[in-house]
Every structure is written in C-alpha cells, then in structure tokens.
Amino acid sequence: MEPSEFNVTKYLKSGENQISLEVYRYSDGSYLEDQDFWRFGGIHRSIHLIHTPDIHVRDYAIRTLPASVGDYKDFILQIDPQFSVYRGMTGKGYVLQGVLKDASGKEVATLKGDVEDILDLEHKASRMNEWYPQRGPRKMGRLSAIIKSPERWTAETPYLYKLHLTLQNEERRVVEQIEQAVGFRSVEIKKGQLLVNGNPVRFRGVNRHEHDPRTARVMSEERMLQDILLMKQANINAVRTSITQCQPLVRAMRQLGIVRDGRSGYRRTRIAWNIRKYPDWHAAFMDRAVRMAERDKNYPCIVMWSMGNESGYGPNFAAISAWLHDFDPTRPVHYEGAQGVDGNPDPKTVDVISRFYTRVKQEYLNPGIAEGEDKERAENARWERLLEIAERTNDDRPVMTSEYAHSMGNALGNFKEYWDEIYSNPRMLGGFIWDWVDQGSTRHYPMAVPWWLTAVTLAISRI
C-alpha cells in the first residue's frame, strides 16, 4: 500500500504515447498482504505521470528539534533536500530557498542552500567529511534555522506553518516550487512515558481500515475528512492504521490534530510467521518499511513507526527496527509481535510494549468451573493483564494495547474498567479500539449495516 515510482523516460517517444497497466489480484507478495478485510482487485490509489526539469528537488526531509535538551520553547528547523540532475547539469549557480510563514502569512524565517554544494558531484573530501563522516551518523540540516518560540503542534492545538521551497537558477528565476506544512513538535520517551513537547500523552485511539461502503478500497478525500471529524467529535486523538497504510489521510489529520502510527504492513498468515526469519524475504520486508518512512517522514501527526501486525518476530523485523531508528531517531518504533517470553522483557528493537486484547485485573467469571478451582477458560487465559505489565520493574517502556475493546457490531464491554486502569499508572499509554467502522458493503451486500451507524454507535459509547 506504499507508493512506488517508475522512470519511464526511455520508453517515451515524440507524439502520442499509450500506457497500459496489468493488475494482479494475487502474487507472491500476497504472503505479506493477508489482512482482515474484504479483498478487492483493481487500482485503489491515484496514478500520476510527472515531468520534471533537468535539475529538480527529488526529495526532502524536514525535522523540528528542541533547541536545548529538556527545553521546548525554541526549536531548530532542519531541511535536508536531495536533487536529481540530467543532461550534464551540475547545479552550478542554483539555489534552494525556503521561506517559513505562520498561519497568518507572516514570514518567520528564510533559509538558503547552494545546490552545487549539496549535490557534490565532485565528491570533495571536505564536504564528505562534514556531512557523511567516517565515524558516527550522518549530519542533518543542510538548511537550518532556530525558530524562537514557535506555536507548537499537538493533537489539541494542531498549529501548522507553511514552508515554501523554491529552486532558483543562475538568473534567480524560479524553476520549481514546493509547499509543505510544518508542525513544531518533539516526540520522546522518558521514564516510561511518551512525551509530546515534553508533556505526557495517552492514546485514546481507534484502528482504521480504508473502506467505503460504496467504493470499497477507494477513499475520497470527503470520506476521509468525515472519518476524522467524527473521531474528533468522539474525543479520539489517535489512529492506528490497521495493518495497512492509509493514503494521505494525513492532510486532514495534521490539520485536525489526530496522531497516528505509520504501518509497514506485514500480515498474520502462518507463512508470514515463518518468513520473518528467512534472509530470502529480507528485501521484501525492508521495502515496505523504507517506502512507509520515506512517504510519511515530514508529517508531524506521525508520532510512531509500526513494523507490522501479527506476524511473530525474527531477524527481518530486527533489521527493520535498526533501519528505522537510524533513518529517523525522532520517532519511537512499535510492533506488538515483538514480545518477551516467560516474563522476560520485550526485545529492545521496540520502544513501546504492546499487547492485543489485554484483560483488566478484575475477577473473570468462569461458567462451568467449580468455585475455588485454579482454572480459567482458554479465551481468558490467552491474554495478559496490561496493568500487570506496567507494574513490572524489569522494564521502563510505555505500555499500550494496540487492539482492545472489540467494537465491531454490538460490543465494547469493560470500557470504563479499561480506562480506570489506564489512568492508574503513568506507564499506561492507552489503546486502540478495534475498529473504527465495520467493513460493510452496501453495493455488494445490501443487508450490511451502514458504516455511519457503526460510527455513531462508537461515538455514543464514549459519552
């Protein structure tokens, strides 16, 4: 579900060209794509044919970091552009300029970078040593500025600045321009709590699939916005993107203050449980994680990366975690499948302890089992108690339930009991209800419950 790009330049000819697409419903990649919703063939996302100038901004990364450790008043804005050049272009004389404006349009900062210097086609030792040192991580911030007392982005106050990037040639004529929203916020974990701008948060979240009752896997921007508005009305502040990558729903999320986790997308087939350890599948695992992070790296509402869903744990997941931590040290990494055994701590490759359908610490009824017997029904004994995990002293990471309070249809029991426990311990990060709406289809299944009815029921349950 992540985006892909293909360079078709060499296939084009003068005059009219024809592009044909062949779509497969199943492939060897289906081993990694098993998920609990309706399967539909076809193309679910937009396709664009783009022509670029001979030198253009190929990509860019934006980071906002506190200017001083432990002080969230001033922030550093870092912009790291990448360029592509064709037909002998070197970037000589070209400049990339960034102008940051607040919500009222007032200019806050101007940043400039020399394209030839950033491209470094000559591979000068001085440049290489400065930005790609032989020891330690690469340096960030080709364009950098300290922003004094910016308005900060949170789920409750989703303030956004606008960054206007312009690529200018030797004559200072603009040959390319880009606009990017910027939210100043930091995410870190300290003493078992997840902090946004230094303040502890809890996730009052839902899981969300991409599904429309009439258009199936194709989601309109209006439908995505409707989802987000209903979530805000129901006091939901976080979305777990339910096994699959949501398309740029983030445009609405970053403006309305919903946080989410990126999803790299591995599924719960038993085959996937096995291939998690096979080197043959390493590239397929990494491909999904890399494209996920590259796509969503500039969105302030993405506060956590997730490596997948219900696929066990093994070296391929450890490799993903290592790459994500090095690529983006500003966000924690989550994966419910990385669990310790027999009370041992979860692998250090995850920054958050996560469990499915955990129990509260109250007594559970066991019909058919005599009183006093030390037994539990299998459906109860399968799941751990979340608060007991948070009370352990052999770990200091936040604890959350990535799925709980099953709400497909007439459900959502124990909700108050869950939240009484979540508020009782500072390490309890919250949880994500499964799920936002039933995947009913009014087109193929006329008797299915309309999606909005489930959403209304879900909203009422939070009052």
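User: What should I know before we start?

Analyst: Because this is a predicted model, local features need pLDDT of at least 70 and side-chain atom pairs count only at pLDDT 80 or more, while totals for chains, interfaces and linings use all residues. Residues are numbered from 1 along each chain as its sequence is written, and side-chain values use heavy atoms, with hydrogens and water left out.

User: Why is the pair of Y159 and Y161 called edge-to-face?

Analyst: Rings of Phe, Tyr and Trp (its six-membered ring) pair if their centres lie within 6.5 Å; planes under 30 degrees apart are stacked, over 60 edge-to-face, and the rest tilted. The centres of Y159 and Y161 are 5.1 Å apart and the planes stand at 65 degrees, so the pair is edge-to-face. The structure holds eleven aromatic pairs, and ring pairs join F75, Y159, Y161 and F184 into a cluster.

User: What makes Y404 and Y418 an edge-to-face pair?

Analyst: Their ring centres are 4.8 Å apart and their planes are at 90 degrees, so this pair is edge-to-face too. The pair links distant parts of the chain, with Y404 in strand 17 and Y418 in helix 10, 14 residues apart. Helices (H or I, at least four residues) and strands (E, at least two) are DSSP runs, numbered from the N terminus. Both Y404 and Y418 are buried.

User: How do you know that the buried residues of helix 10 are on the same side?

Analyst: In helix 10 (residues 415-422), the buried ones are F415, Y418, W419, E421 and I422. They cover an arc of only 155 degrees around the axis, so they lie on the same side of helix 10. That arc is taken from the directions from the helix axis to the C-beta atoms. As a general rule, an α-helix has 3.6 residues a turn, so residues three or four places apart point the same way.

User: How do you know that K139 lies over the face of W131?

Analyst: A charge sits over a ring if NZ of Lys or CZ of Arg is within 6 Å of the ring centre and within 35 degrees of the ring normal. K139 is at 4.7 Å from the ring centre of W131 and lies over its face.

Terms used:
Buried means under 20% relative accessible area, exposed over 50%, partly exposed in between (1.4 Å probe, protein chains only).
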